[in-house]
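Trainee: I would like to learn how to read a structural model residue by residue. Where do we start?

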Amino acid sequence: MIVRHPQRLPLLALGMLALLTGLWAGLARLGWNVPLPRAGFSSLHGPLMVSGFLGTLISLERAVALARPWAYAVPLLTGLGGVGLIVGAPLLAAQLSILAGSLGLVAIFAAIVRRHPALYTYTMGGGAILWASGNLLWCLGWPVFLVVFWWAAFLVVTIAGERLELARLQQVSGAAQAAFLLLLGILLTGLLLLGWSYDGGVRVFGVGLVGLALWLGRHDIARRTVKQTGLTRFIAICLLTGYVWLGISGFCAMLFGGMPVGPQYDATLHAFFLGFVFAMIFAHAPIIFPAVLGARMTYRPLFYAHVVLLQVTLFLRLIGDAAGWSAGRQVGGLLNAVTLLLFLVSTVSALQSPPTQAGRVEIRAS
Ligand code: HEM
C-alpha cells in the first residue's frame, strides 16, 4: 500500500490497538471465556473503545484538517492513554493523558472556530468540551456508567456538527436551526441531571437522542443522495441506518432509564455505539482513511457486507437483551466484533487496491 503520510500511521495504529484490545475486553464482559492479562481488564472495554479508539481517530482527523504540527500531540496523548490502560499503568496517569488529549481537541476546535466561525464548528467544538468534561468527571472518580453519557454526547454532537457541515447549513431554515439548538439543550440538561438523578438524567438524554435522530433523518442530504449510485448511495444508506439506531438507543434510554449494568444497559449503549457510531464510521471511512493516510481507496459494493452484517448481528444482540436470551446476546456480540474486523480487513484491502478499474469508483485525497 502506498501512503503519502506514513508518519501518521503510528497514531492510527495506537487507535487500532485500543479498538482491538477493547473488543477483546468487550467479549470477556459478555461472558466469553477469553484469556485476559489481569483481573478487572474487561472493565477497560468502554474507555478503550470511546477514548482510546474513537477519541484518537477523531483527534487525528481534526489534526490533519488543522494542519498544524502541535495538533498531532492530541491523538498521541489519547493514544498513549489507551496504551497506559492496556499495560496496566496507574489508572490516573492514563486518565490524565486522555483528559489532556481531550483538552487538546478543544484547543484544535478553538483554532478551527477562529478560521471558520459557523454553527457547525461551534457544535463540534461543543462536542469536544463535552468529552473533556466527561473525562474530568472520570478522573474525579465518577463511574463509567455515568461518564459514558458524556462520552456519548461528545460523539453524537461531533457527528451532528460534521453532518451540519456537509448538509450546507444555508439550506436549513432558521426554525430548523433553533430546533437543533433546543435538542442540544435537552441533551445537556440530561447530562447535568445525571449526577443528581441518574435515572431522570438518562431518560431526558434519551429524549434528546430521539429528537436528534429525527432531526438528522429529516435534514441530512442523505435523504436525497440515497437515490444516487455507487459510493454516494453507500454513504447515504449507512447514515440513514445510523439515524434509525440512534433513535432506538434514545428510545431505550427513555424506556429503561438509569441502568449501571445488564441487558438494558447493553441495548441502550450498543444501539448507540455500534448501530449509530459505527454506521457513521462505515460511511466516512472511504473518505477519512485516504485523507488521513494520503492513500488511494477503491469503493467496492462488497462494503455493503459489513453494513448488512452489523444490522443483522446487532438486531440479534438486542433481541437477546430484550428477551433475556443470553445465548443470542452473546453470539450477537461476538458477531458484532467479527463484523468490525471484517470492516477493517475490507477497508485496508481497498486501500491497497490498484488505480481505477472499469466499474469501480476511485476516491483520492491528500
Ligand atoms: C463489538 C463488540 C462489542 C462487545 C462484545 C461489547 C460488549 C460490552 C458489554 C458486555 C458491556 C457491558 C454491558 C452490561 O453491563 O451488560 C459493554 C459496555 C460498554 N460498551 Fe461495549 N461491546 C462491543 C462494542 C462496543 C463498541 C464498538 C463501543 C464503543 C465504540 C462500546 C462501548 C461500550 C461502553 C462505553 C460500555 C460501558 C462500559 C462500562 O460501563 O464500564 N462497545 N460492552
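Trainee: In which loop is Ala67 found?

Mentor: This is a predicted model. Ala67 is found in the loop between α2 and α3 (73-87). Its backbone deserves a look: Ala67 has a positive phi of about 60° although it is not a glycine.

Trainee: Now helices. Which residues of α12 are buried?

Mentor: Start with the general idea. An α-helix has 3.6 residues a turn, so residues three or four places apart point the same way. In α12 the buried residues are His306, Leu310, Thr313, Leu314, Arg317, Leu318, Gly320 and Asp321. Viewed down the helix axis, they fall within an arc of 150°, so they line one face of α12. Val312 and Ala323, on the other side of α12, are exposed.

Trainee: What do the buried residues of α12 pack against?

Mentor: They pack against α11 and α13. After α12 comes Gly324, with a positive phi near 65°.

Trainee: And the ligand: how many residues surround it?

Mentor: The shell has 27 residues, and the closest are Gly26, Gly46, Met49, Phe273 and Gly333. Elements giving two or more residues to the shell include α1 (9-29), α2 (45-66) and α13 (326-351). The largest share, seven residues, comes from α11.

Terms used. Residues numbered from 1 in each chain as written. Predicted model: local features only at pLDDT ≥ 70, side-chain atom pairs only at ≥ 80, totals over all residues. Near = placed C-beta within 6 Å. Helix = DSSP H or I, 4+ residues; strand = E, 2+ residues; numbered from the N terminus. Buried ≥ 20, exposed ≤ 12 C-beta atoms within 10 Å, placed from the backbone. Arc of directions from axis to C-beta. Contact = placed C-beta atoms within 7 Å.
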